[in-house]
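These are my notebook entries on a structure, written in the order in which I looked things up. I begin with the contact between chains and then turn to each chain in turn.

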Amino acid sequence: MKILTAAYAAVMNLPERPMRWAQGRLRGGRLGWVFVAPNLAVFALFSFLPIVIDIVYATTGGAQLLPSERPYVGADNFASLLDCTNHLDPNTCTRDLFWHGIWNTLRFVVFQVGLMLGFSLLTALVLNRKIMGRGFFRAMFFYPVLLSPVVVALIWKWILQREGVLNAGFMAAGVTPVNWLLDANWAFFWSVFISIWAHMGFYTLILLAGLQAIPAEIHEAAAMDATPPLRHFRRITWPLLMPSVLVVFVLGLIRAVQMFDEIYVLTGGGPGTATTFIVQYIYKTGFADGVRQYGLAAAASLLLAGVLLVLTLLQLKGQRAKNG
Amino acid sequence: MSRVHLLAGLALLATASASASVANAGEIRIACYSDGNECPATMDLAKRFMAANPDVKVTIDEMPYKSILESLPVQLAAGQGPDAARVTLFGTVMQYMIDLTPYVKNPAYWEASFGAVLPWTRPPGVTTGIYGLPTQFTVTSPIVNKTLFDQAGVKLPADGASWDEWAAAVDKVAKATKTPYGMAFDRSGHRFAAAAISMGAKYFAADGTPAVIDDGFKAMASRFVKWNADNTVEKDVWASTGGGYRDAFEEFANAKIVMYHSGSWQLNRLQKQIGDAFEWQVVGNPCDKVCSGMPGGAAFVAFKGSKNPKDVARFFDFLADKPVYAEWMGMTNNIPAQAELQKGGVSYKLSPAATAALAAFGANAAKVSPTGYKLSGYAQNSAIYNPTVDRLSQVIAGQMTLDQAYARITQDVADSVAAAKK
């Protein structure tokens, strides 16, 4: 045992000499850089470098993949994406599919994030109560989160297609079947519904953790004061749950802006462009069209990154304001 | 002692790298997709080739068609591609393809055998060279559910009937037999082009540049949109699916449509999946200005990045050899691209219905218009096909008018062609 301890100590002390040597030479805060260097290297390689490459692609044109073979076009790709007579009407834009993607994404974010926050909160409040089968329901609400987005989309496609499970049920009940994925409004509705169904469990879990972190004494004190339930929620639960709500809001927002996989498998962005979101536009332009316009796709992804950056900064600002 | 160990280690490393390089010599990897059984059939022939040529190892990786379309060009650009691949839209990988003329045994045989389709694989402006081994010749054709016609008591329109006559007939059959739709088109610009060309679409200006929108194109586009609106054509295929290609074979196999506008590459599925469940029949392409379908086909093409182009050429020479090629076509039930075999000599294992279908496909192949060949051989034809599908789908979904779609198609094609030229 003593030998082992000594060996362990010897191994642990190995870096002492080089560290002392480094300390002697690197003064002030410079030694800190040595410690963060591995992390910085990983960040530079997998985050910073791709951003730089994306900028290179966004400022070059043509259909070549290698940057050295691509002609420099400056801000042409951005100008082309942003060129519209009326930005509210995609059909007046040079890149109308990009703007269809923008407006569809915006509409999706408003409905999906708002409804998901509401349903997650409601579910968390119910699951936080002492109801029968609470563990079972918690597991059930979380279960869809474990499924792959492609599996989720395929399951729902089987349900919603013209001769799917839902229409079979309708026909059995003597109700005229509806072609859910052929009508633009229904296709959009189901896109929102399915994404809420698939992701709600995760956000419910965060809110549930937030609810359980509220000290029980506060609830007890309110109960002793006979505080009405609505007032209890408004004055106690909601303010104390706010940090968790903010996290759910921002995570949900970012996920909604990036929405692609489920909807692409479910509708392919159709009918027409009714469920084509911005990430699908980027994918199609860069990787699925016969002539791949990597520059346009990169410029669109930089614009998307800008939006996500603003959202993240707003979250940070909100958190700082909350923390005083 | 340590020096001895070091030397021994270096010797081992050198042996290992030498054996690795020996293993790499003569090893070729081919990416393949199947319409029916093309990859397994090629694998069978590859085994025979390897038995006769033990110094070459052929590995065939079967993958989905979508991977060939979307992943292969990126792999090739990154220098990580296979030695060869089965490709149908040559423009997507043309810049990486290699001319095998210096490596094949008898270039004159290749020219004489595949001269009609080799130009499709050549880069723009290049008039000679062997860039690929055509694995089949395809032609678009309508396939009808004859049983439904019989049940409805409606006669099949005679050879030379127009698209309008066919639309009226299938509509009558669909109504009489309570079939949901009269016809379906694969969601493909290539399939639409076949119908548009029969309406007189030219697709190119006199100087050879794309000029997609003309009276012929408009005639078919307006009919197609109308047929989608009145349920003559199954709307789901084009309108309810965004994204890319979708075929309507399952609908046809399940007797949900009377007439299916697809092509000869479906023969294996027709024979296997439908068999004699109902009577199906390939008919002549409808005629308006011309009675043309669209030609097409896939080819195994070799890439510049290959370290063993000689071995790729040896394998291609083996497959291109007339008896082997005939056997290959018989195994895959494809129309041969080899000139002599097009006249006969392939022994197919087909049912009577499939034999008749093959003959009908062959007859349709003989009527393909020059515009069809020109469009099939145009390197950037996907820059024409994709906007056609995207924009007409938007019209069918009620998001834009036909006139707006025409303007967008023109712009999209011009943008893509300009991007490809940079």
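**Interface, chains and core**

I looked up the contact between the two chains in this predicted model: chain A contributes 28 residues and chain B contributes 29 residues.

I next examined the fold of chain A, which has 14 helices and 0 strands. I checked its radius of gyration, which is 26 Å, whereas a compact globule of 324 residues would have one near 20 Å. Along the principal axes, I note that the C-alpha trace of chain A spans about 80 × 75 × 45 Å. I find 29% of the 324 residues in chain A buried. Of the contacts in chain A between residues at least 6 apart in sequence, I see that 65% join residues at least 24 apart.

I then turned to chain B, which is divided into domain 1 (27–137 + 297–348) and domain 2 (139–296 + 359–421). I record 28 Å between the centres of these two domains of chain B, taken over C-alpha atoms. Their contact takes 17 residues from domain 1 and 16 residues from domain 2. The domain 1 side comprises 9 nonpolar, 7 polar and 1 charged residues.

Finally, I looked up the largest nonpolar core, which holds 182 residues; B:Ala184 and B:Val301 touch the most other members. Beyond its neighbours within four places in sequence, I find B:Ala184 in contact with residues including B:Val233, B:Val237, B:Phe252 and B:His261.

How values were computed:
Residues numbered from 1 in each chain as written. Chains lettered and ligands numbered in written order. Predicted model: local features only at pLDDT ≥ 70, side-chain atom pairs only at ≥ 80, totals over all residues. Core = buried A, V, L, I, M, F, W, Y, C linked by C-beta atoms within 7 Å. Buried ≥ 20, exposed ≤ 12 C-beta atoms within 10 Å, placed from the backbone. Contact = placed C-beta atoms within 7 Å. Domains from an automatic or database assignment. Nonpolar A, V, L, I, M, F, W, Y, C, P; charged D, E, K, R; others polar. Helix = DSSP H or I, 4+ residues; strand = E, 2+ residues; numbered from the N terminus. Rg over C-alpha atoms; globule rule 2.2 N^0.38 Å.
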